[in-house]
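Please work through the following exercises with the structure at hand. Each task is followed by a solution in steps.

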Amino acid sequence: MDVEIQIKDLRKKYPNGTEALRGIHLEIGKGQLFALLGPNGAGKTTLVKILTTLIRKDSGDFSIGGIGPDKSFPLIQKYIGVVSQENELDPGETVFLLLQFQGELFGLSRTQSRNRADELIDLFQLETERNKKAGTLSGGNKRRLHCALALVHKPQVLFLDEPTVGMDPLARHTFWEIITRLNRTDQVTTLLTTQYLDEADKHATQMAMIIDGEIRFSGEVAEFKNMVHPDMSYSLEDNYLTYIKSLTHQE
Amino acid sequence: MNHAGKILLTRGIVKLAKQPSAPLMGFAMSLFFLVVYNAGIGGVGNMDVFGSGGYLSFIFPITIISLSMGSSAGAGQTLNTDIQSGYFKRLFLSPVPRWMLVVSPMVADTLSSVLFTGILLGIGAIFGLTFQFGLLSVLGILFLSTLWSVTLCGFSAGIMLRTGQHQSAAIVTNAVFPLLFLSTTFLPRELITSKWLLTVSWGNPITYILEANRYLLAGTSSRMFLYISVVILLFTSFLSITFALNSARKIKF
């Protein structure tokens with residue numbers, strides 16, 4: 001397995017004393033669709049923020065595509081795409097211009113950016129919204145645009161942090177069609193954090209369970225299911241709930 | 001300037017052009033000062049102490065200072081809008097130097113301020129404003145105006161980044177406003193009778209900026225004021241940029 005994301009003894013403590021990450025070790029292979037699961041406050045978001053260069057680690061190390069944070073943040077940023085929980089849109093710009101600007105920010109020429117913007121408008125079915133300002137779009141279309149922006153520069157690694165929040169079933173279906181195609185065809189490594197466990201169950205092959213800033217399980221989704229309920233007839237959500245409840249009882 | 005810097009600066013200028021209320025208000029306020037003060041008390045300009053430039057050259061520098069005061073909120077507004085909409089996070093995740101995200105709207109704001117200063121100088125010239133050293137005077141005034149704008153934009157942007165409220169831009173204007181009255185704004189030192197005001201005016205950086213502009217316009221002040229004001233403004237510009245960049249580091253994602 002070619003390792004795409006490598007995390008070694010990663011630690012993060014916030015100024016208020018909360019130890020969000022207590023020595024995370026994790027390896028994610030190239031082309032994997034990897035689900036990072038855990039209850040609220042477990043450290044998922046902190047881990048994703050560190051990996052996407054939004055915040056800095058205290059200690060430990062990580063690399064994405066062989067690039068470490070000490071080497072260059074911009075190199076990592078060119079390599080990754082991030083779809084976070086909140087829409088990050090400039091409400092005063094049109095769909096097309098936002099996509100074009102995003103391309104130019106990532107170093108594409110104006111012509112390349114315009115062509116890419118057209119491709120993504122087509123892919124995310126935003127043709128009728130092309131010249132509308134982002135602030136005037138419906139919730140679902142804002143979400144589509146938000147996702148499209150993360151793909152402008154054709155990233156090798158995608159971070160999906162609760163990506164389908166606020167999407168209607170059709171938009172959600174379209175979104176997963178695009179993501180799974182990128183994952184399977186272009187071998188785009190995808191790290192997903194979600195509370196919609198049916199999505200993780202359906203699309204992820206590998207997973208990790210993070211609790212109280214520590215990785216408690218890392219492996220195949222099927223392996224996790226087998227570990228919790230060996231008869232394999234339960235969904236990931238059922239297994240997840242059983243696992244979390246058993247931990248609570250133990251503590 | 002690299003590719004990313006250019007497109008971020010272009011965006012800053014476009015944003016400012018789409019929301020021109022801050023620079024236009026600054027310009028209108030300055031023009032108002034110029035017309036009202038010159039019309040109201042311009043007659044005292046016949047006194048020898050005002051030199052050949054008359055009261056227009058004497059009062060003109062305050063219009064430049066107030067122009068930047070009125071328009072310095074633009075950069076902070078752009079940053080604040082981006083932060084509120086979450087778009088700043090997307091920019092933050094782009095492969096561009098992060099200081100550029102803060103500095104580019106400040107540069108756009110400063111360019112706008114310098115542009116309007118140029119227009120003001122043109123209007124002043126129509127009204128008979130003199131330029132003691134010709135083109136050098138114009139360039140000197142634009143240079144001082146640039147540094148003054150950077151100072152105000154940086155502090156204004158920094159405060160907005162820390163408070164997250166665009167109304168807080170008024171803090172900078174409110175802080176500077178009293179300094180205008182504790183200086184040689186309306187009368188030269190020779191005509192100020194209060195000793196405490198004279199003393200305070202020497203410790204007030206606005207005095208040096210006003211006098212430097214007066215030196216360039218009519219030669220009525222010492223060249224030393226120009227040197228001192230450049231040093232002061234370089235220092236305050238550095239402080240304000242540092243403050244804005246440090247404020248950006250405190251944004252929580």
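The model is predicted: local features need pLDDT of at least 70, side-chain atom pairs count only at pLDDT 80 or more, and totals for chains, interfaces and linings use all residues. Residues are numbered from 1 along each chain as its sequence is written, while chains are lettered from A and ligands numbered from 1 in the order in which they are written.

**Exercise 1.** Determine which residues of helix H4 of chain A are buried and where they lie around the helix.

Step 1. Helices (H or I, at least four residues) and strands (E, at least two) are DSSP runs, numbered from the N terminus. H4(A) covers residues 110–123.

Step 2. A residue is buried if 20 or more other C-beta atoms, placed from the backbone, lie within 10 Å of its own, exposed if 12 or fewer, and partly exposed in between. The buried residues of H4(A) are Ser113(A), Arg116(A), Ala117(A), Leu120(A) and Ile121(A).

Step 3. Viewed down the axis of H4(A), these residues fall within an arc of 140° (taken from the directions from the helix axis to the C-beta atoms), so they line one face of the helix. Thr111(A) and Asp122(A), on the other side, are exposed.

Step 4. The buried residues pack against H3 and helix H5 (139–151) of chain A; a contact requires C-beta atoms, placed from the backbone, within 7 Å.

**Exercise 2.** Identify the strands at the edges of the six-stranded sheet in chain A.

Step 1. The order of this open, mixed sheet is E5-E6-E7-E3-E8-E9. Two strands pair if DSSP finds at least two bridges between them.

Step 2. E5 (80–83) and E9 (214–220) of chain A each have a single partner strand, so one side of each is left without a neighbour in the sheet.

Step 3. Within the sheet, E3(A) (residues 33–37) runs parallel to E7(A), and four bridges join them. Ala35(A) stands opposite Leu192(A) in E7(A).

**Exercise 3.** State how many residues each chain gives to the contact.

Step 1. Chain A gives 22 residues and chain B gives 17.

Step 2. Helices H2 (73–79) and H3 (95–105) of chain A each supply at least two residues of the chain A side.

Note on methods
Two residues are in contact if their C-beta atoms, placed from the backbone, lie within 7 Å. The expected span of a helix is 1.5 Å times one less than its number of residues.
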